[in-house]
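Hi everyone, thanks for coming.

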Amino acid sequence: MSNKDYWKKRIDETAQRRFDLTYEVMQLETRKIYDRITREIIKEVEAMYYKLLDEELSRTEIWTYKHYKDLLNSINMKMVKLGLKEINILNYNLEEALREIYVETPLPQHTPIKPSFAVLDDVAVQQIIARPWSEKHFISTEWDNKKELVRILKKGIEDCIVKGQSKDKLVKVVMEKMQVGFNRADMVVRTELMHTINEGQRQKYMDHGYDKGIILVAHDERLCEKCVKYADNEKPKLLDEIVLPTHPRCRCTCIPVLD
């Protein structure tokens, strides 16, 4: 193995290891809050179910029914609580991952520049976390996802009531819609964590005097059409111009040009 390939492998493995360690924590925390909110919503839906069913209300009439309006208000409040919790999980764990990857990322002993610091200060951490990889910051994405989750929950509940479906079916629908919400939250976690890890490594490269980098892809069956163009193309790019991920759930990483 050449010296270049040795460092390429070490740097990439460091990024993947940090991703796995932090993602496990974030996924568990997110799963717990979704499970708790799901149980709370199911309990309230079950309490309201028979009252609404006995009334044989149309979809229009449901909107005027006090118990249903109370349920919607409660769901809206729970979505606010859920969104705030998700944002807290993201902020805390992304900041920790950023600090860790900056320290963990290995570089050759003889780098172009030897910075006087070995860790990122709080200002640098906040600035990096605030930089979005797409047009929207993850906080905006989280609230958009919560609005959509309220919409699909409301429609699912209304459909069950209007069709006179069983309570078990209604509970199943709520669980399915909440799983959709969790899947979207998980996508945000995966994407933003990979973005943070890449930004932490990119910052370290630049702090040590490197100005060009190469994008690495995961060479497996999940390699997508957007990233396949980097698979056999190790043409260096300016580190300032490299923005990863290229899409949600992207697994690409970046290493400096070490020559």
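The lining of the second largest pocket splits into four nonpolar, three polar and three charged residues. Here Ala, Val, Leu, Ile, Met, Phe, Trp, Tyr, Cys and Pro count as nonpolar, Asp, Glu, Lys and Arg as charged, and the others, Gly among them, as polar. This is a predicted model: local features need pLDDT of at least 70, side-chain atom pairs count only at pLDDT 80 or more, and totals for chains, interfaces and linings use all residues. Residues are numbered from 1 along each chain as its sequence is written, and side-chain values use heavy atoms, leaving out hydrogens and water.

Back to that pocket: Trp133, Glu135 and Pro248 are among its lining residues, and H6 gives the most, with four. A pocket, on a 1 Å grid over the protein atoms alone, is an open set of points with protein on both sides within 12 Å along at least five of seven lines, and lining residues have an atom within 4 Å of a point. Helices (H or I, at least four residues) and strands (E, at least two) are DSSP runs, numbered from the N terminus.

Which helix gives the most to the lining of the largest pocket? That's H1, with three residues. Five charged residues sit in that lining, with three nonpolar and one polar.

Now the sheet. Three strands form an open sheet in the order S2-S1-S3, with antiparallel pairing. S2 (237–238) and S3 (253–256) are at the edges with a single partner strand each, so one side of each has no neighbour in the sheet. Strands pair if DSSP finds at least two bridges between them; S1 (residues 212–216) and S2 are joined by two.

Terms used:
1 Å grid on protein atoms, 1.4 Å probe; cavity = no way out; pocket = protein on both sides within 12 Å on 5 of 7 lines; lining within 4 Å.
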